[in-house]
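The exercises below concern one structure.

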Amino acid sequence: MDAMIQLIHVSKTYDRRPALSDLTLEIEKGEFVLLMGPSGAGKSTLLRMLIAAETPDEGQIFVQGKNVTKLKRSEIPFLRRKVGTVFQDFRLLPKKSVFENVALPLLVQGASSVDIRRKVTEALRAVGVDHKKDQLPTGLSAGEQQRVCIARAIVNGPIVLLADEPTGNLDPERTAEIIELFKLINARGTTVVVATHDPQVMAQINRRAIVLQEGGRVRPSAHAMQVAG
Amino acid sequence: MRRVFYLFREAWANMRANRTTTVVAILTTAFTLSCVGIFLLLYVNLRSAAGWLQEDIKIIVYLEDQLSREAVVELEDRLKSDRTVAATVFISKEQALGEFRAQFPEDSHLLEGLGQNPLPASFVVTLAPQFRSPDAVKRWTERVRTIGGVAKVDYNQEWIDALAGVIRYIELIAIGVGAILSTAAVTIIGNTIRLTLFSRREEEEILRLIGATRWFIRIPYLLEGAVLGACGSALSLLILKGGFELFRQQIGATGRLSGIEHMITFFPVSVCLALILVGIGLGFAGSFVSLRRFGDGRT
């Protein structure tokens with residue numbers, strides 16, 4: 001199988017405190033991977049590096065064969081258009097409607113109005129909030145806001161979906177719904193990487209887990225660990 | 001199309017969100033541009049006045065008192081045959097006296113006591129348009145002064161030269177004041193944009209993370225700066241026009257300078273449009289400076 005994501009000897013330090021140490025890993029195309037570990041293990045740093053929001057001090061990062069660490073500043077937006085991101089705190093624009101929020105990735109690419117209407121409607125329908133398209137995000141529940149955030153991440157058909165603690169603000173019932181959504185997205189061929197510290201999420205997802213220890217090292221033998229459901 | 005609409009809507013939303021700073025930025029820009037505009041108006045009108053004076057220059061060739069009629073005719077022929085001369089008008093001693101009495105009726109008694117008419121006969125010479133430059137006029141008068149029968153040659157060049165000097169000073173002041181106040185306008189607009197940038201930094205980060213290019217994020221701020229500059233300069237033109245009309249009315253009401261009100265003019269439409277473009281340019285510059293200094297987030 002082809003590697004969608006490759007990290008080769010990646011290290012990152014913040015104020016002499018290591019966030020990631022000599023990390024090497026590979027995620028296959030179409031794979032669903034969990035990134036596990038306690039707070040401060042470097043999960044978010046790793047995800048941010050995959051969209052070039054952080055640069056490693058050492059090492060190389062490849063996404064679909066493209067070296068992310070060598071990208072010019074002007075090339076970064078084009079990488080981010082191929083990689084959808086879901087945030088724990090949703091990061092929706094509060095003064096824009098659900099429809100407008102989800103339309104943003106298409107708008108920045110210069111999609112036509114017809115395309116925007118069609119794709120946004122499809123994405124909202126896929127996550128089950130199409131009936132809330134005219135509302136502002138502030139009027140939605142946390143679960144609904146996370147669904148809108150997912151719709152925004154998948155609206156332009158990304159090759160990779162990254163989710164940073166996507167269920168951190170949700171109750172168990174909503175968490176299960178969101179996990180099912182990720183599985184559905186993965187089933188359509190998108191590579192999905194979910195960072196979480198919640199063992200319950202790991203149990204529900206039941207896919208390969210990469211476990212990071214504090215200081216950003218991969219736990220020995222956990223690199224290809226298969227978690228039992 | 002939708003993207004263009006979005007960018008304009010964002011610029012409008014930025015201005016609405018920071019209404020007070022937007023209004024303050026427009027007013028201060030209008031004020032600073034009005035100050036520059038006053039000098040510019042003064043400069044434009046003095047330049048056109050200098051142009052009229054130069055165009056309208058009349059040289060008076062005074063004749064010696066004892067000159068015979070034949071000598072006068074000979075001199076007139078000589079002047080008329082000169083290719084640099086467009087027209088000559090002979091003013092006899094009697095005509096000169098008559099004009100003096102007509103222009104200064106209260107002072108005409110001064111000449112009564114002298115017994116004989118002290119005013120000399122003269123030729124009023126108009127040079128051809130291509131020979132009206134200060135240098136050409138000077139050369140011509142120096143040549144004519146040496147002709148026999150000519151007592152004196154007089155013209156208002158000194159006055160024109162003095163006016164040209166004043167215009168040069170005003171030009172320098174306008175450039176200096178313009179540069180200082182333009183910097184002020186750029187700073188004011190830049191600070192307004194900076195406030196908007198701070199209030200929307202989280203939104204910008206989200207836009208960057210979903211793949212917006214730097215220019216997609218910057219354009220609404222540049223548009224905002226341009227609109228602030230355009231509104232400021234348009235308002236400054238209104239202020240200047242109002243002030244100009246008031247000044248013209250006041251001049252008309254005072255008897256002494258009556259007539260000047262018809263000579264002074266406001267900026268033509270092309271200059272007004274150019275000033276609005278300057279305002280837009282200053283707004284752009286303000287936004288650009290702010291974006292360069294504060295707008296490029298890490299992500």
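**Exercise 1.** Is the crossing of α4(A) and α5(A) left-handed or right-handed?

Solution. The model is predicted, so local features need pLDDT of at least 70, side-chain atom pairs count only at pLDDT 80 or more, and totals for chains, interfaces and linings use all residues. Residues are numbered from 1 along each chain as its sequence is written, while chains are lettered from A and ligands numbered from 1 in the order in which they are written.

Step 1: locate the helices. Helices (H or I, at least four residues) and strands (E, at least two) are DSSP runs, numbered from the N terminus. Helix α4 of chain A covers residues 113-127, and helix α5 of chain A covers residues 142-154.

Step 2: take the axes, which are lines fitted to C-alpha atoms, for helices over the stretch in contact, with angles from 0 to 180 degrees between N-to-C directions. The axes of α4(A) and α5(A) come within 9 Å and cross at roughly 135°.

Step 3: classify the angle. Angles under 35 degrees count as roughly parallel, over 145 as roughly antiparallel, 65 to 115 as roughly perpendicular and the rest as oblique. α4(A) and α5(A) are therefore oblique to each other.

Step 4: assign the hand. A crossing is left-handed if the near helix is turned anticlockwise from the far one by less than a right angle, and right-handed if clockwise. The crossing of α4(A) and α5(A) is right-handed.

Step 5: list the contact, where two residues are in contact if their C-beta atoms, placed from the backbone, lie within 7 Å. α4(A) contributes Ala123(A), Leu124(A), Ala126(A) and Val127(A), and α5(A) contributes Arg147(A), Ile150(A), Ala151(A) and Ile154(A).

Step 6: sort by class. Ala, Val, Leu, Ile, Met, Phe, Trp, Tyr, Cys and Pro count as nonpolar, Asp, Glu, Lys and Arg as charged, and the others, Gly among them, as polar. The contact of α4(A) with α5(A) has seven nonpolar residues, no polar ones and one charged.

**Exercise 2.** Describe how α3(A) packs against α5(A).

Solution. Step 1: the axes of α3(A) and α5(A) are 7 Å apart, at an angle of about 30°. The two helices α3(A) and α5(A) are therefore roughly parallel to each other.

Step 1: the crossing of α3(A) and α5(A) is right-handed. On the α3(A) side the contact uses Val98(A), Asn101(A), Val102(A), Leu104(A) and Pro105(A), and on the α5(A) side Val148(A), Ala151(A) and Arg152(A). By class these are six nonpolar, one polar and one charged.

**Exercise 3.** Which residues touch the most other members of the largest nonpolar core?

Solution. Step 1: apply the terms. A residue is buried if 20 or more other C-beta atoms lie within 10 Å of its own, exposed if 12 or fewer, and partly exposed in between, with C-beta atoms placed from the backbone. A nonpolar core is a set of buried Ala, Val, Leu, Ile, Met, Phe, Trp, Tyr and Cys residues joined through C-beta atoms within 7 Å.

Step 1: the largest core has 74 residues, and Leu35(A), Leu50(A), Ala151(A) and Leu162(A) touch the most other members. Helix α3 (residues 98-109) of chain A gives the most to this core, seven residues. A separate core of 30 residues includes Leu40(B), Ala185(B), Ala226(B) and Leu291(B).

Step 2: look at Leu162(A). Beyond four places in sequence, Leu162(A) touches Leu47(A), Leu50(A), Ile51(A), Val83(A), Thr85(A), Val86(A) and Val193(A).

**Exercise 4.** How many residues of chain B are in contact with chain A?

Solution. Step 1: 13 residues of chain B are in contact with 17 residues of chain A. On the chain B side, α1 (2-17) and α8 (201-209) each supply at least two residues, and α8(B) gives the most, with four.

Step 1: by class, that side of chain B has seven nonpolar, three polar and three charged residues.

**Exercise 5.** Where are Arg16(A) and Asn206(A), two residues with positive phi?

Solution. Step 1: Arg16(A), not a glycine, has a phi of about 65° and sits in the loop between β1 (3-14) and β2 (17-28) of chain A. Arg16(A) is exposed, because 5 other C-beta atoms lie within 10 Å.

Step 1: Asn206(A) has a phi near 60° and lies in the loop between α7 (199-205) and β9 of chain A. With 15 other C-beta atoms within 10 Å, Asn206(A) is partly exposed.
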